[in-house]
Amino acid sequence: MKAIVTGAAGFVGSTLARRLLNLGHEVVGVDALTDYYTPSLKVSNLARLKDAKFTSISGDLNDLPLKHLIDGADWVFHQAGQPGVRKSWGEDFGVYSKANIDATQRLLEASRQSSTLKKFVYASSSSVYGDAERYPTLETDRPQPRSPYGVTKLAAENLCTLYASNFGVPTVSLRYFTVYGPRQRPDMAFTRFVRAAVLEEPINIFGSGEQVRDFTFIGDIVEANIAAAIEETEPGEIFNVAGGTSISVNGVLTLLEALNGRPLDVRYGEKVAGDVLQTGGSTSRIFEMLGWRAQTALEDGLAMQLAWARDTFGRRGDSNA
Ligand SMILES: NC(=O)c1ccc[n+]([C@@H]2O[C@H](COP(=O)([O-])OP(=O)(O)OC[C@H]3O[C@@H](n4cnc5c(N)ncnc54)[C@H](O)[C@@H]3O)[C@@H](O)[C@H]2O)c1
């Protein structure tokens, strides 16, 4: 199959693209190498995709001629976006609406004209739920985002549903619950934690650490994308993709301390506006329709991310992990 992966230089996009190439698919990766975090990390993610079946296109989805890009493709995995809750307030909102809403609309418009496209998989987010009605949250529960980021992810998801119902674009939206694992973005909690653990630096926590998250291993996210592409679905489907272990940030730190074999220096600071108290997604629907279920236990995934951090950031002294 021929797959377009947008955001191919990012954390999820590069891991997905690598997996598709390993499965023998042809991959066209598109990325603008935005400066949300250091572009050099994105360049090294792209370097891992070197393969006869990989083509890299450097450019912004808001500028590139997309019809030409999508022509002949079987799958679009739309992972490009401006992530992060914290920065989505204030002046930067325009960056979020352009990267998350406008770019998705352009891609859907181009997809609408394709005669070869079999699936358009969109990387949505658990942030569309905000403080959810209940836990585990069902896809049919009312979305009520608490951050501008969540608002843009929901708007793009609604665009997917609109293009599906009006024009039959074969969209599937996957609501990712906090993704972690090797090569996770540098601004995300687990990367900050494992890096600080390896370098024996303080770990700064936003708020009390009692916020609960449903963490999902990157390998499981990738398999959910592939299942969404392969399995038959009605246009406009929406699925939660959640790891299934809701745990507090303090609980994660206890696990990490045990894995790393020495006490962590944890410091608590201000809570972030827009951060929710809890996330936890029901995966009954995705299991029923796609046969997908998370395979990686949090302890195992965290151990893999810690091992990656040791390779990446260096290690001082011994460890029992
Ligand atoms: N990582 C998570 O926990 C998580 C959770 C829920 C949803 N998501 C969604 O998954 C997707 C991937 O997240 P990630 O963690 O890999 O982020 P990332 O920042 O590592 O990757 C996103 C990539 O998209 C690129 N990009 C941004 N705007 C672009 C544009 N207009 N044109 C072309 N490229 C552009 C960036 O340069 C970046 O490389 C995002 O859409 C994000 O909203 C991620």
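Visitor: What should I know before I start?
Guide: It's a predicted model, where local features need pLDDT of at least 70 and side-chain atom pairs count only at pLDDT 80 or more, while totals for chains, interfaces and linings use all residues. Residues are numbered from 1 along each chain as its sequence is written, and side-chain values use heavy atoms, with hydrogens and water left out.

Visitor: What is a salt bridge, and how many does a search of the whole structure find?
Guide: It's a side-chain nitrogen of Lys or Arg within 4 Å of a carboxyl oxygen of Asp or Glu. The search turns up 14.

Visitor: Where do Asp131 and Arg146 lie?
Guide: Both lie in the loop between strand S5 (119-125) and helix H5 (148-167), so their pairing ties together parts 15 residues apart in sequence. Helices (H or I, at least four residues) and strands (E, at least two) are DSSP runs, numbered from the N terminus. The closest N and O atoms of Asp131 and Arg146 are 3.4 Å apart.

Visitor: Is Asp141 buried or exposed?
Guide: Buried means under 20% relative accessible area, exposed over 50%, and partly exposed in between (1.4 Å probe, protein chains only). Asp141 has 4%, so it's buried. Its salt-bridge partner is Arg134, at 2.6 Å, N to O, and Arg134 counts as partly exposed at 42%.

Visitor: What about Arg185 and Asp187?
Guide: They form a salt bridge too, with the closest N and O atoms 2.9 Å apart. Arg185 is buried at 16%, and Asp187 is buried at 19%.

Visitor: And which residues of H1 make the contact with H7?
Guide: Contact means heavy atoms within 4.5 Å. Helix H1 (residues 11-22) packs on helix H7 (residues 218-230) through Phe11, Val12, Thr15, Leu16, Arg19 and Leu20 of H1.

Conventions
Axes fitted to C-alpha atoms, helices over the stretch in contact; angles between N-to-C directions.
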